[in-house]
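Please view the sequence and the structure first.

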Amino acid sequence: MGFFSKFRKKSPWILHYNTGGCNGCDIEILSALAPRYDIERFGMLNRGNPKQADILLVTGPVTKNCKDVLRRLYLEMAEPKVVVAMGACAHGGGIFRNFYHVENGVNNIIPVDVWIPGCAPRVEALIDGMVEAVEIWEKKSKEKEFLKDHENVIKTLGVEDDG
Amino acid sequence: MINVILTVLAPLIGGVVYGIERVVKARMQKRVGPPLLQPFYDFFKLMDKRPIMIHSLHALMGIMYFIAEWFALAVLLLGNDLLIAVFFHVIAVLALVIGASSVRSPYSVLGALRELMHMISYEPLMVLMVVALYLVVGSFDIRDVLNYEGYPILEIPLVFFAFLLTIPMMLQKSPFDVAEAHQEIIGGPEIEYSGPFYEALYTGKWIEYIYVFTFVFLFGGSHYWLGILLVVLAFLFINLLDNSSARLDFRTMVKFAWSVLIPMAALNVILLALWQ
Amino acid sequence: MGALVTLNIVLPWIAALIIYLAKKDVVTNVLTFLMLPLLSIIAYLAYIQPHPVLIETPKWVDLLITVYDFGLLAYFFYQGIVRKNSLIAILASIQLIFLVIVLLMMNHSLTPNLYIDDVTLMFYLIVAIVGVPIAIFATKYMDYGEKGKHSFVAIVVWFLGVMNFAVSVNNIEWFFALFETTTLASYIMIGFRGDKEAVNNSNLALWMNQIGGIAILLALMVFIKINGVYHFTDLLKNPSLISMAALGFLSLSALVKGAQMPFHKWLLGAMVAPTPVSAILHSATMVKIAPYLILRISPIIKGTLLAKLLIITTGYVFVVAAVIALSQDNFKKILAYSTISLLGLMMLGAAVGTPVAVTASLVLIIFHAFAKGFLFVEAGVLEKVFHVKYINQMRRLIERAPLTLMFIFFGFLNMTFVPFGTFIGKWMMIEEVSNFLQHGSYILLIIYVGAGSAFLSILYMKVLGISVRKAHGIEKINFVKLPATFNFVSVWYYVWLLSMTIFIAPFIADFVVPIAASIAGQADIYATGLTLHMYDSTLYFWQILGALILIFLIHALPYFVKFKADVVHPYNCGEVFPRHMETWNFECIARYEGYFVAFSIALFIMVVVLGGGLL
Ligand code: SF4
């Protein structure tokens with residue numbers, strides 16, 4: 001908790017990832033960016049790049065194909081980081097619950113800090129969730145966070161050099 | 001004196017300029033926009049992240065980019081030859097490109113290659129612009145340009161216009177933000193940088209603002225009010241263009257630079273030379 | 001002076017003969033190595049003698065050279081017959097006929113046949129310092145599974161002597177003989193490996209260069225017919241009377257020798273030969289005859305239509321060769337194209353002909369010789385030790401061949417970036433021609449120089465980009481132990497380049513400017529301390545040093561700096577399956593190569609027809 005940590009809350013950068021939802025939530029996120037709600041007021045930016053993002057905003061029930069991708073995105077983000085699960089599907093599958101191809105929510109793959117309820121949540125709810133996420137984020141430290149079975153996960157997700 | 005201050009405080013001033021730009025852009029879109037000091041908040045936040053990297057070479061090149069960019073600005077403002085300053089800028093590009101192509105990420109490599117395309121689009125034009133200024137003022141010395149009694153903008157308007165359209169290429173603004181292309185290749189050369197290492201790139205960009213707008217300022221000659229006016233107008237124009245246009249293909253960019261901008265500038269130079 | 005010049009020319013020949021006859025490793029290695037201090041000292045001693053001097057030669061030398069000329073052309077003719085290449089035979093017979101005509105027309109002249117001036121002495125130094133290390137390099141290079149080591153080294157060393165001779169002659173007929181000798185040398189060296197490709201390419205080199213020979217003979221005829229003189233110094237005495245047509249032909253031969261488009265193919269063909277051949281052809285010798293020739297006639301052609309057309313042609317080649325190089329994937333070919341391109345720039349500077357432009361041209365010649373020699377030596381190391389020939393094999397070179405990559409990096413930086421010599425040459429050129437922009441050709445020149453240097457930078461960055469690419473963690477840097485000879489040669493060039501760059505201001509002001517002054521008059525360039533001044537512009541030492549440090553850090557630091565930070569995967573959309581991105585091959589440019597060459601032919605014809613005033 002140094003001098004710089006005080007300014008943390010002023011610039012949360014978001015990485016948004018849809019793990020197979022119906023896109024309803026994503027439309028809400030877009031409208032949050034648009035002039036009417038304008039979350040850039042709070043310094044929030046949608047970076048689309050895990051390396052530079054602070055908040056991972058996940059929507060959708062996590063299909064089996066997405067599982068590893070989600071893990072990797074999470075691993076590529078630098079600490080301190082927060083995960084926000086948005087919408088009913090992200091919480092436990094929502095309308096997709098117990099389908100053959102889903103993992104029933106984000107929590108089964110990566111640890112979640114903030115839940116935003118609704119299907120789809122309103123933008124106000126989203127902003128509220130973000131504010132809460134920022135509060136949690138402020139208290140986090142720079143320590144490395146580990147996944148369940150971290151070493152193995154890293155190994156299976158690695159990229160090798162060619163030739 | 002003012003040039004020393006400008007050089008030393010370049011990251012600070014550049015940051016404010018970037019902050020202003022973000023506000024102006026937001027206002028153009030009828031948004032409220034972030035606070036003016038937002039870039040600095042970002043800066044502090046990035047300082048506070050856990051440092052991660054792909055490998056040391058890559059991280060190092062980011063830092064070298066920042067230093068080289070700053071040095072190019074110092075050469076421009078403290079040295080006395082504009083042409084040398086143009087060539088110094090290439091070192092910054094070198095660091096950026098080597099860094100970006102040193103990782104196995106397709107986006108980063110693609111961004112680096114596109115950055116090179118940017119370079120062939122603006123580099124010859126910068127040289128031409130400096131030569132045009134020489135033709136007007138009779139010296140490559142920046143101080144002589146700033147003491148020139150006449151109005152360079154009136155003598156080389158086409159060069160100025162061509163340069164105005166290359167600014168988006170240098171500052172990565174739409175329609176020529178090909179290398180960065182946030183929605184397409186997610187920042188290109190800067191994608192793999194994170195935390196403190198990204199900071200170097202982020203700040204390097206701010207310095208680039210000052211570097212570019214110094215050239216705009218030169219078109220005012222010794223009439224500093226004109227120079228400032230030009231800078232403000234150029235700034236607004238660039239943002240307007242950025243907000244109102246879609247990204248072009250890099251081929252279109254190179255073609256545009258080579259078939260429209262460079263002939264235009266060359267025509268202006270040759271006409272002026274004949275007239276003199 | 002006469003003794004020193006003779007030594008400079010004959011010493012390599014004697015050494016070559018001994019190497020050729022002895023065929024012993026010890027003799028070869030020791031003799032080539034001895035050449036370095038010997039030739040350097042002789043060249044230096046010659047340099048500190050009062051100059052320029054004209055040296056009388058005995059009559060029998062003249063006779064000998066004439067006989068030798070016939071023998072050489074007969075040999076070419078014979079080769080044409082043996083190789084069943086009618087083009088070579090025809091060109092050789094044309095030359096024979098022309099030579100007879102020239103000899104019949106030639107009346108006795110009292111002007112001495114050797115002329116030693118600053119340019120000559122500069123070339124002596126370049127041959128000694130840049131050329132000999134390549135021969136040293138060849139002694140080791142040929143150990144890697146190549147046949148005929150001794151004869152090869154002998155040819156290389158002999159060639160150095162030929163080059164020294166070529167730059168000291170005054171009589172254009174002698175110059176023709178030596179011009180053809182360099183052709184012979186390149187013919188032998190390119191065809192050295194003796195396989196089909198080598199034979200084809202050597203034939204190509206032979207007939208293309210013979211066109212240059214014909215052009216010289218034509219020029220000689222016109223000179224003798226119209227002006228009655230055939231010595232370089234005589235030409236300079238009353239420049240205004242000299243026939244433009246002859247100068248046009250001379251420039252034509254320079255363009256051919258300098259591998260300017262459309263005659264660039266022979267230099268590209270040289271890459272099938274062992275790498276030292278490319279190194280020797282590209283850096284210190286052979287192609288440098290081209291700018292040398294233009295420098296000799298530059299006071300005469302300055303400001304004429306011929307000069308302007310030369311500017312347009314060579315400038316065009318400067319840009320287009322760099323552009324075409326982008327689409328190549330063979331490392332040696334890329335280097336060859338960049339040589340062609342920079343040769344264009346050198347000739348361009350010489351054609352502009354003002355003191356500053358000539359200085360720029362000389363600076364380019366010197367620094368290009370060093371950098372290209374360096375790069376080709378490293379290409380040879382890559383080829384033999386690491387088995388890398390194409391740029392897509394250069395992947396992860398930073399781990400596999402760290403030192404070699406560092407040297408290549410440095411060589412590349414030398415070719416375009418601030419504060420190295422080539423940059424300074426361009427800078428001078430642009431600032432100089434900004435003074436006479438009223439002429440269209442000069443504004444074209446500025447666009448050429450700006451664009452060409454941008455294209456070359458792109459080319460080098462593209463190649464470097466591949467060799468540093470690595471998924472994550474450059475950890476296993478593998479410092480392969482290289483043979484001492486290779487290391488010596490690399491470090492030799494590296495140290496020379498580095499120290500010349502640090503002291504570039506005094507180097508240019510005290511060494512290059514006097515040379516240019518002997519051709520075109522005193523340039524307004526001087527140095528205070530380590531700061532370079534040109535007209536009103538200044539390249540401060542802090543700028544040179546700053547750029548040097550930056551560049552140095554960029555190319556050498558990656559091996560030493562290890563950040564203590566966690567390593568993550570590169571971003572790949574989160575996908576696990578690997579996605580590759582090599583580099584662009586610029587296919588879109590390769591498609592237009594034909595048009596580029598066609599246009600260059602048009603320019604070429606323009607130089608001869610319009611520039612020479614044949615219309
Ligand atoms: S929570 Fe509802 S709106 Fe959001 S993605 Fe799932 S199904 Fe669609």
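**Interface and backbone briefing**

Chain A and chain B together bury about 2,800 Å², of which 52% falls on carbon and sulfur atoms; buried area is the accessible area (1.4 Å probe) that two parts lose on being put together, summed over both. Of the area that chain A buries against chain B, 22% is supplied by Phe4(A), Glu40(A) and Lys51(A), more than by any other three residues. This is a predicted model, in which local features need pLDDT of at least 70 and side-chain atom pairs count only at pLDDT 80 or more, while totals for chains, interfaces and linings use all residues. Residues are numbered from 1 along each chain as its sequence is written, chains are lettered from A and ligands numbered from 1 in the order in which they are written, and side-chain values use heavy atoms, with hydrogens and water left out.

**Interface between chains A and B**

- Contact (heavy atoms within 4.5 Å) involves 35 residues of chain A and 31 residues of chain B.
- The two chains, A and B, are linked by 7 salt bridges, each being a side-chain nitrogen of Lys or Arg within 4 Å of a carboxyl oxygen of Asp or Glu.
- Glu40(A) forms a salt bridge with Arg22(B), and their closest N and O atoms are 3.1 Å apart.
- On the side of chain A that touches chain B there are 13 nonpolar, 6 polar and 16 charged residues; Ala, Val, Leu, Ile, Met, Phe, Trp, Tyr, Cys and Pro count as nonpolar, Asp, Glu, Lys and Arg as charged, and the others, Gly among them, as polar.

**Cis peptide bonds**

- Cys119(A) and Ala120(A) are joined by a cis peptide bond with omega near -10 degrees.
- Ala120(A) is placed in the loop between strand E5 (114–116) and helix H4 (123–139) of chain A; helices (H or I, at least four residues) and strands (E, at least two) are DSSP runs, numbered from the N terminus.
- In chain C, the peptide bond between Val418(C) and Pro419(C) is cis, with omega about -5 degrees.
- Pro419(C) belongs to the loop between helix H18 (402–416) and helix H19 (421–433) of chain C.

**Positive phi at non-glycine residues**

- Asn23(A), which is not a glycine, has a positive phi of about 80 degrees and lies in the loop between strand E1 (13–18) and helix H1 (24–33) of chain A.
- Asn23(A) is partly exposed, at 41% relative accessible area; buried means under 20%, exposed over 50%, and partly exposed in between (1.4 Å probe, protein chains only).
- Asp38(A), also not a glycine, has a positive phi of about 45 degrees and sits in the loop between H1 and strand E2 (45–46) of chain A.
- Asp38(A) counts as buried, at 1% relative accessibility.
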